Every structure is written in structure tokens, then in C-alpha cells.
Amino acid sequence: MKKLLALLCVVALLVCMLAGCAPKGETPSGGDNKKQNEENVNNDGDKTGDGSVQVGIVLPTKDEPRWLQDQAQFETILKGEGFTSQVLFSQGSSATEKTNVETLISKGIKVLIICAQDGAAAAAAVEDAKSKGVTVIAYDRLITGTDAVDYYVTFDSFAVGAAQGQYLVENAPSGSGIPLYLYAGALSDNNAFIFFEGAWSVLQPKIADGTFVIANSSEAEALKTKAALTRDEMSKIIGQITTEWDFNVAKSKAEANLTAVGADMKGDVLVLAPNDGTARSIADVFASDKDVSSYVVTGQDAEKASVQYVIDGKQSMTVFKDTRTLASDSVAMATAILKGETPQTDTTYDNGVKEVAAKQTNIVVVKQANVKEALIDSEYYNASEFTGL
Ligand code: BGC
């Protein structure tokens, strides 16, 4: 009996860890399991009173401020909605994501809004949901290789990359042979490809004509005369320059790159950083290299810490993706679906298997000059959250 109890405890602990109940580095103690579980969940009220949930929302991780912005918007918007909902985080794990989807299915969801940890791996989870009559909305990241995605709500990710590339072109030092360091997102995220494609569309002519010289990717260098890259070609480049969307990977890669190059690849440099978290890490590395005289570095997400970096001149730009719009568009879609109506869409995205009907939102470039107008006047942030504005 004792052995059986011990075994049950181990199994319960494993399930809890898979579900991401324990903050990193902490082991949940037996009696606290329920509390830990609830910390991972934001239940927006059980209006049916029977524990069922109509709309399930799964977000990738609490470890990046970007997704906490989305969570906050969902929480605000869902308060006034006439349906029950629950938000779960996958904490960077496709296995936890699958468990989260199963949990929500068992609570009877009719609509699943999911931002995939890994766009290909998430196919199994959404196929499971679809087979149980759930309508699936991919949120921000497209789920690929499956026909189980019904709708997609997204920002214009090509425009994000193009805006980053354009900023580098417009703010490059004069002359030619300017070192360009390229970094990208995770290979498992379809967006990483779209961002890179957008950036490449603007940067490639400048690389091909020698204005910029790629400092850290032999694959990109080999393809520099190609204006449009195939997915395979992009995979090769991103494979070399990926940050995996991880600050630490970004930092180590930037350090390794600066150690590997000669003095001719330092001085005044340009850096394509894919998002704010990685941009701050990379910027810190470039700032501390005594042979780098100046750097221009991109970002995206308008995370608070990066907005402060932009104000302080440590990060050159960010791209504001208004999560209020993305969250409210997906909630509007869910509402239409629950009423038996067809949600509004304005474009389609190819996920390798089908053209997914999509609703797309525009982006805003933020630099020192327009921080106030873009982020404070629009009431996304409060001026008191920053210094030196
Ligand atoms: C999102 C970005 C985010 C990145 C890392 C991408 O799919 O579009 O906003 O910075 O993932 O989480």
C-alpha cells in the first residue's frame, strides 16, 4: 500500500510539472498542488456554475512580457463577455500545451484560441480539439501542416520584418561595407520565417550591392544575390542565426559572433534583432564591446523594458503590435462562432495544407521620437511607467 501511495505521489508530481504548475526551479510540495495549479490558470468566472468552459485560451509562456501583455488584454476584454473562458500557459513546452488543450476539451470548450509553442507540433493538439467539435483559432502564430485550424488572428508579420529592415537601411552610417549582424526567432515558429522574409526583402539589395556586409551567417552570405528565398533557404540561414526566442541564446550567440570576427567587422554596425527580449540581450553585448563604436538595433513587441531602452538610446526601435486589437479580434471571432455566425476575416494564410481564413492587424514603428504618441497617447502604457520621457 505504501509503495502504491508513493507511486501515486510521483505520478501526481510529474503530471503537475508537465502542466507547468511549478515555477522554474521550485518543486511543488504536496499540500500546495491545488494552489500552484490555480496560479497557472486565470478562470474568468464560471457563469454556467457547472465548471464548464466555453472558450479556452492557450498562450506560450509567462516568461516573456509579450505574452503577459496578451494575457492582460484577454482578462480585460473577457470580463464583459457573456461566455465562460479560461487562459492556460504552456511554459515553453509542447507537451504542456497538449495537456492544456486536453484539459480545456474536458471542460467542454466550443472554441479554442491557441498561440502555439511550436507551429508544427501543435497540429496534434488542435486535431484532437477539432475531432471533438471545437472550432480552432490560431492566435499570432500559425499552426502548420494540418487542416484542423479554422481561423487565424495575426499581426502583419511581413510588415514587422520589413519595418526592421527599413529602419536599419534608413539609419545606417554612410558609405559601404557596413557590418550587418543578423538574428532571427525560433525555427519552430512560422512567424520567425515571415519576419525574416520581410527584413530580407529590404536588406538584400543593400547586401547584394556591398553597402552592407553580413558578419555572422555564411548561409545568408551565400544567398545574398537572391531577392526571394525559399522556405528551405530561410531555414538554413535561420538555423545559423536563431535566438530560439531565448534571451540567453541571443546573448551567447552575439558574444560568440563578436569573438569570431575581426576588427573590420566592428566599428559602426547594424543589428537585425527579431524581438525586444533578444534585442536587449544583444544590445548589451554590443554595448560592452570596446571595438564597437556604435550600433543600430531593431526589436519588436514594445515591451516596457525595451520602451525604456529606446528612451535611453540603448535600443534603436521597436515595433508596437497592439495586443488589445489582437485579443479583441479573437474574442469577437469566438463570440460569432458561439452564435453560429461566420467570423469576419480579411485575408488568408497558407499553412502548408490549406488557406486559413485570417484577420490581420497593422503594426506601428516606435522610435525615440514617437514613443509618447504611439504608446502613451494611445493609452497602451502610462507615462509614469518610464523615466526620461
Ligand atoms: C511573436 C512575437 C514574439 C515572439 C517570441 C512571435 O511569434 O509574434 O511577438 O516576440 O514570438 O515570443
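Okay, let's start with helix α11: at 1.5 Å a residue its twelve residues should span 16 Å, and its end C-alpha atoms are 16 Å apart, so that agrees. The expected span here is 1.5 Å times one less than the number of residues in the helix.

Quick housekeeping. This is a predicted model, where local features need pLDDT of at least 70 and side-chain atom pairs count only at pLDDT 80 or more, while totals for chains, interfaces and linings use all residues. Residues are numbered from 1 along each chain as its sequence is written, and side-chain values use heavy atoms, with hydrogens and water left out.

For the overall picture, the protein has 14 helices and 14 strands. Of its 389 residues, 52% count as buried, and buried means under 20% relative accessible area, exposed means over 50%, and partly exposed is in between, with a 1.4 Å probe and protein chains only. Contact means heavy atoms within 4.5 Å. Taking contacts with a separation of 6 or more, 71% are between residues 24 or more positions apart.

Back to α11. Ten of its twelve residues are buried, so the helix is largely enclosed by the rest of the structure. Among those buried residues are Gly277, Ile282, Val285 and Phe286. What covers them? The cover includes strands β7, β9, β10 and β11, plus helices α10 and α12.

Leaving out residues up to four places away in sequence, threonine 278 touches Thr243, Trp245, Asp246, Phe247, Ala250 and Ala273.

One of those partners, Trp245, deserves a look too. Tryptophan 245 is in the loop between α9 and α10, and at 10% relative accessibility it counts as buried. Its phi is near 60°, a positive value in a residue other than glycine. Most residues other than glycine have a negative phi. Alanine 302, in the loop between β10 and α12, also is not a glycine and has a positive phi, of about 50°. At 0% relative accessibility, alanine 302 counts as buried.

Now, how does α11 sit against α12? The two helices, residues 276–287 and 304–312, pack at an angle of about 45° with their axes 9 Å apart. Axes are lines fitted to C-alpha atoms, for helices over the stretch in contact, and angles run from 0 to 180 degrees between N-to-C directions. That angle makes α11 oblique to α12; under 35 degrees is roughly parallel, over 145 roughly antiparallel, 65 to 115 roughly perpendicular, and the rest oblique. On the α11 side, Asp276, Arg280 and Asp284 meet Ala305, Ser306 and Tyr309 of α12.

Next, glutamine 368, in the loop between β14 and α14. Its C-alpha is 8.6 Å from that of valine 307, although the two are 61 residues apart in sequence. Glutamine 368 touches Val310, Ile311, Asp312 and Gly313, again not counting residues up to four places away.

Last stop, lysine 236 in helix α9. Is it buried, partly exposed or exposed? At 49% relative accessibility, lysine 236 counts as partly exposed.

How values were computed:
Helices (H or I, at least four residues) and strands (E, at least two) are DSSP runs, numbered from the N terminus.
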